[in-house]
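Subject: Structure for you to look at

Hello,

Here is the structure I said I would pass on. Please open it first, then read the notes below it.

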Amino acid sequence: MMNKIEFQDMEFPVREIELPEIGTVLISTTTLNELLMTKVGGYVSDEAISVDERIYCFIDEDAMGLPDDALVAPLMEFSA
């Protein structure tokens with residue numbers, strides 16, 4: 001199921017995915033991740049920290065439309 005998350009007055013897609021042994025996680029786009037961080041790797045704001053803590057993993061925008069089963073294996077590798 002695709003929803004939206006708002007950051008800096010922009011909306012970004014966010015999706016719930018059920019992962020074995022982990023449970024339901026949220027994923028979003030690398031575009032959002034790039035806006036959350038400064039060039040030196042810090043957060044741009046307290047709001048950015050809050051958003052980042054809710055997202056399990058950031059993926060390419062193109063992959064957001066893939067079926068859940070196509071995302072499970074790559075996301076499980078991320079957690080390894």
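This is a predicted model: local features need pLDDT of at least 70, side-chain atom pairs count only at pLDDT 80 or more; totals for chains, interfaces and linings use all residues.

Asp9 counts as exposed, with a relative accessibility of 73%. In these notes buried means under 20% relative accessible area, exposed means over 50%, and partly exposed lies in between (1.4 Å probe, protein chains only). The areas come from the Shrake-Rupley method with a 1.4 Å probe, and for residues only the protein chains shown count as cover.

Residues are numbered from 1 along each chain as its sequence is written, and side-chain values use heavy atoms, with hydrogens and water left out.

Back to Asp9. Asp9 sits in the loop between β1 and β2. Helices (H or I, at least four residues) and strands (E, at least two) are DSSP runs, numbered from the N terminus. Asp9 has a positive phi of about 60° although it is not a glycine. Gln8, in the loop between β1 (2-7) and β2, also has a positive phi, near 50°. Most residues other than glycine have a negative phi. Gln8 is partly exposed, at 42% relative accessible area.

Asp9 also belongs to a negative surface patch, together with Glu6, Glu11 and Glu47. A patch is made of residues with over 30% relative accessible area and no salt bridge; like charges are joined within 9 Å, and nonpolar side chains (Val, Leu, Ile, Met, Phe, Trp, Tyr) within 5 Å. Asp and Glu count as negative and Lys and Arg as positive, while His and the chain ends are not counted. The place of a charge is taken as NZ of Lys, CZ of Arg, CG of Asp or CD of Glu. Glu47 is found in helix α2 (residues 46-54) and is partly exposed, at 41%.

How many salt bridges does a search of the whole structure find? It finds 1, where a salt bridge is a side-chain nitrogen of Lys or Arg within 4 Å of a carboxyl oxygen of Asp or Glu. The side chains of Arg15 and Asp68 meet in a salt bridge, at 2.4 Å from N to O. This pair links distant parts of the chain, 53 residues apart: Arg15 is in strand β2 (residues 10-19) and Asp68 in helix α3 (residues 68-79). Arg15 is buried, with a relative accessible area of 6%, whereas Asp68 is partly exposed at 36%.

The largest nonpolar core has 11 residues, among them Ile17, Val25, Cys57, Met64 and Leu75. A nonpolar core is a set of buried Ala, Val, Leu, Ile, Met, Phe, Trp, Tyr and Cys residues joined through side-chain atoms within 4.5 Å. Two or more residues each come from β2, β3 (23-29), β4 (57-59) and α3. The largest share, 3 residues, is from α3.

Cys57 lies in strand β4 and is buried, at 8%. Val14 lies in strand β2 and is buried, at 6%.

Finally, Pro74 is in helix α3 and is partly exposed, at 45%.

Regards
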